[in-house]
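Me: Could you walk me through reading helix packing and nonpolar cores in a model like this one?

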Amino acid sequence: MSLHAVEHRKRLAETYPWTSAPLIVGAPMRVMSGPELAVAIVRAGGLGFIGPGLKPESTAADLEAVKSLLKETPLGASTGQLLPVGVGFQAWNGDLEEAARAVAAYKPSAAWLFAPRDGQPELDKWTDRLREASPDTQIWIQVGSFGEALDAAKSSSRPDALVIQGAEAGGHGRANDGVGFVTLLPEVADAVRSAGISLPIFAAGGIADGRGVAAALGLGAAGAVMGTRFLASKEARIAPGYQNEVIRAADGASSTTRTQLYNHLRGTFGWPEAFSPRTIINKSWEEHQAGASFDEVKKRHDELLKQGDAAWGPEGRTATYAGANIGLIRSVDDAGTIVEQARRDAIDIIRSLNEFSSAPGRKE
């Protein structure tokens, strides 16, 4: 397993020449992963993804902003004809043709696909169209179950990379059949390799620092994805009240849950049943669980939303999507600092584990 992962890491370094090892990736969080965050991650040697925007046309506007940021301060590393950022698309409600136009015009280094309504056939349609628009743009597919992973790996429109999202992840993950990446990733890696398929695999879900990065690498991941940690970055496109709650909250097992309630309170309906978002709980959840009707909870939610940042927090009522790793996030930092610190810590951990290679009694 380790030799396959090492080879994948070498290939990724060639594909994304500005990156440093271990490769740390910024997830395409909807709206909150904007141009400033993606570019900051890239400047620190990572791969930053822009998330879906409020409307399909937002992707092109964000990619144009990336071009402007890189023109003002060039990266200093060769990126060829591709923009050194990735872009994410929600398949179930995305506009494929609008996405293809943006990818054709700006040629991002990678396109991350997730949340299909109709499973792998829908992702194949997106993959084929985006490859037609920009053949050199790598296609990444996010999965959260063993079956999804094998469907993607064995597809005739196989992606260039798989992102294995563990159940600890924030935002929308598997509603009922998700597990942590500690078990899911190696099982997928073994099955993919047994099928004779060579595919880099990334770990996502609950990673907040170098400890999570080192763990992911030890499981055979080619790199590590962080999402919630970057909500607490200075470059995130996020309301102060939301960001403060990510810093305040702890004990993700008891302070977060998966529910469609907050989607519905925000007026978002139609998510495929297989997916449900993890959010920090607040008054809306507590009162709904206690028996308050949706209409009453909605009324209170909308009234508090008018007060801005007061809508978040223990007494708040609106969505605060975040992962179960919130107890590991205690400060707002520059995205570049987050990437560099996680990389240094992961390397230190891996070096410290080398002592076992020369431990007394070890058999060669």
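Reply: Helices (H or I, at least four residues) and strands (E, at least two) are DSSP runs, numbered from the N terminus. This is a predicted model, where local features need pLDDT of at least 70, side-chain atom pairs count only at pLDDT 80 or more, and totals for chains, interfaces and linings use all residues. Residues are numbered from 1 along each chain as its sequence is written, and side-chain values use heavy atoms, with hydrogens and water left out.

Me: At what angle do H6 and H7 pack?

Reply: Two packed helices are described by the angle between their axes and the distance between the axes. Here H6 and H7 pack at about 35°, with axes 10 Å apart.

Me: Which residues of H6 and H7 meet?

Reply: Contact means heavy atoms within 4.5 Å. From H6, Phe146, Ala149, Leu150 and Ala153 meet Leu184, Glu187, Val188, Ala191 and Val192 of H7.

Me: Which residues touch the most other members of the largest nonpolar core?

Reply: A nonpolar core is a set of buried (under 20% relative accessible area, 1.4 Å probe, protein chains only) Ala, Val, Leu, Ile, Met, Phe, Trp, Tyr and Cys residues joined through side-chain atoms within 4.5 Å. The largest has 74 residues, and Phe89, Leu130, Leu162, Ile164 and Phe230 touch the most other members. Helix H7 (residues 181-194) gives the largest share, seven residues.

Me: Where is Ser156 found?

Reply: Ser156 lies in the loop between helix H6 (146-153) and strand E6 (161-165).

Terms used
Buried means under 20% relative accessible area, exposed over 50%, partly exposed in between (1.4 Å probe, protein chains only). Axes are lines fitted to C-alpha atoms, for helices over the stretch in contact, and angles run from 0 to 180 degrees between N-to-C directions.
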